Amino acid sequence: MTKPKIVLGLSGGVDSAVAARLLQQDYTVIGLFLSIGPEAAGEHDARAVAEELGIDFHVMDIAEALERHVKGPFAEAYLSGQTPLPCARCNPLVKFPSLLALADELGADFIATGHYARICPGPEGRTLLLKGQPANDQSYMLAQLPQEILQRVIFPLGNYGKESVRALAEGYGIPVAHKPDSMEICFIPNDDYGAWLEERGAAAPEGDFVAPDGTILGRHKGIHRYTLGQGRGLGVSGPHRYYVSKIDPKANTVTLSDGSDLMRSVIFCTDPNWISIPGLTGPREVTARFRHARTETPCTIFRDGAGVRVEAHSPVRAPTPGQLAVFYDGDTVVGSGWIGKAE
């Protein structure tokens, strides 16, 4: 009996390699390496994994799509005083659509990645996105995926932890079993986004650090180098430790405070993506993550025009414009929205 085809994002890392090996039990696996251009890394390892496992291997150039949907908006966000989240934008706009494009071309019904998350059937024909194992859960970065993608995706590592995956890789004799994890943004060399923006010509000029009352405290290196709540690398001394509490791109100032003014109880989100429900018709109790941390805050969410108003049951520290608010009901992702203003 012929196995169904599945297109797997093969990055050259241990997660996607083990995902490939697990999928081979039930599918004819086709590996796809997504090349982001000259700075791309991992193709050699991805090809080696494909050869070891005996699977077809393809390379797709996604540089243009990445520039349009991720890199350009990334630079614009920093210049507007926001803190962008490129992976959460890339997944629904570039990475998963690229996998689907090859799947459609080759007649594959499914796509897969090595993300630590789970899916399962939900009510009314919907597909639910669920957390992976607590130590490795990546549902936050996937919470903007629409139903048309979720209904065709498989996450074979959803029930595994990282150590188990490495043990499997070693047992399978996979070439990248001991390859270190990459924690960097794929298109940012040396994890220095400030230098990347400056080389791109997208850096903001230097300006003033100011106190909440407007007193000048020193000079900043450009608003693109700071994010709300930041307390390190400021280079300003005073009667207390300083934290970034406001970024004003028009005035080109970065406000520093003692951090006591960073707490917010009402957060407004734009462009919601609903997963477990068709839409928000009334108040709903959820827990929410406001950054890619494991901390979840009990909240009530409300429709707010085309967006979402989030009322946190306890104040949230520095909900940051440009980041994602992800709403949960237990392990199930209810939906997500991009953080705008907060009060």
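Guide: Start at Asp181. With a relative accessibility of 39%, Asp181 is partly exposed. Here buried means under 20% relative accessible area, exposed means over 50%, and partly exposed is in between (1.4 Å probe, protein chains only). The model is predicted: local features need pLDDT of at least 70, side-chain atom pairs count only at pLDDT 80 or more, and totals for chains, interfaces and linings use all residues. Residues are numbered from 1 along each chain as its sequence is written, and side-chain values use heavy atoms, with hydrogens and water left out.

Now the partner. Asp181 meets the side chain of Arg166 in a salt bridge, 3.0 Å from N to O. That term needs a side-chain nitrogen of Lys or Arg within 4 Å of a carboxyl oxygen of Asp or Glu. The bridge links distant parts of the chain, 15 residues apart: Arg166 sits in helix α7, Asp181 in the loop between α7 and α8. Helices (H or I, at least four residues) and strands (E, at least two) are DSSP runs, numbered from the N terminus. Arg166 counts as buried, at 17% relative accessibility.

Asp181 and Arg166 belong to a network of salt bridges with Asp15 and Lys162. Asp15 and Lys162 form a salt bridge, with their closest N and O atoms 2.8 Å apart. This pair also joins distant parts: Asp15 is in helix α1 (residues 14-23) and Lys162 in helix α7, 147 residues apart. Asp15 is buried at 17% relative accessibility. Lys162 is buried too, at 11%.

Step back to the whole model. It holds 16 salt bridges. Another of them joins Asp104 to Arg152, with the closest N and O atoms 2.9 Å apart. Asp104 lies in helix α4 (residues 86-106) and Arg152 in the loop between α6 (147-150) and β7 (153-154), so the bridge ties together parts that are 48 residues apart in sequence. Arg152 is partly exposed, at 22% relative accessibility.

Go back to the loop between α7 (162-172) and α8 (193-200). Asp191 is found there. Its phi is positive, about 60°, although Asp191 is not a glycine. Most residues other than glycine have a negative phi. Asp191 is partly exposed, with a relative accessible area of 45%. Ala318 is another non-glycine with a positive phi, near 50°. Ala318 lies in the loop between β15 (307-317) and β16 (324-329). Ala318 is buried, with a relative accessible area of 7%.

Next, the rings. Rings of Phe, Tyr and Trp (its six-membered ring) pair if their centres lie within 6.5 Å; planes under 30 degrees apart are stacked, over 60 edge-to-face, and the rest tilted. By this rule there are nine aromatic pairs. Tyr27 and Phe110 are edge-to-face, because their planes stand at 75°, with the centres 5.9 Å apart. Tyr27 is in the loop between α1 and β2 (28-35) and Phe110 in strand β4 (residues 110-112), so this pair ties together parts that are 83 residues apart in sequence. Tyr27 is buried at 18% relative accessibility, and Phe110 is partly exposed at 27%. Phe96 and Phe155 are edge-to-face as well, with centres 6.4 Å apart and planes at 75°. Phe96 comes from helix α4 and Phe155 from the loop between β7 and α7, distant parts of the chain 59 residues apart. Phe96 is buried at 0% relative accessibility, and Phe155 is buried at 7%. One aromatic cluster is formed by Phe74, Tyr78, Phe187, Tyr193 and Trp196.

Last, the cysteines. The model holds zero disulfides. A disulfide here is a pair of cysteine sulfur atoms within 2.5 Å. Cys90 is in none; the nearest cysteine sulfur belongs to Cys186, 6.2 Å away. Cys90 is buried, with a relative accessible area of 14%. Cys299 is in none either, and its nearest cysteine sulfur, from Cys269, is 9.3 Å away. Cys299 is buried at 0% relative accessibility.
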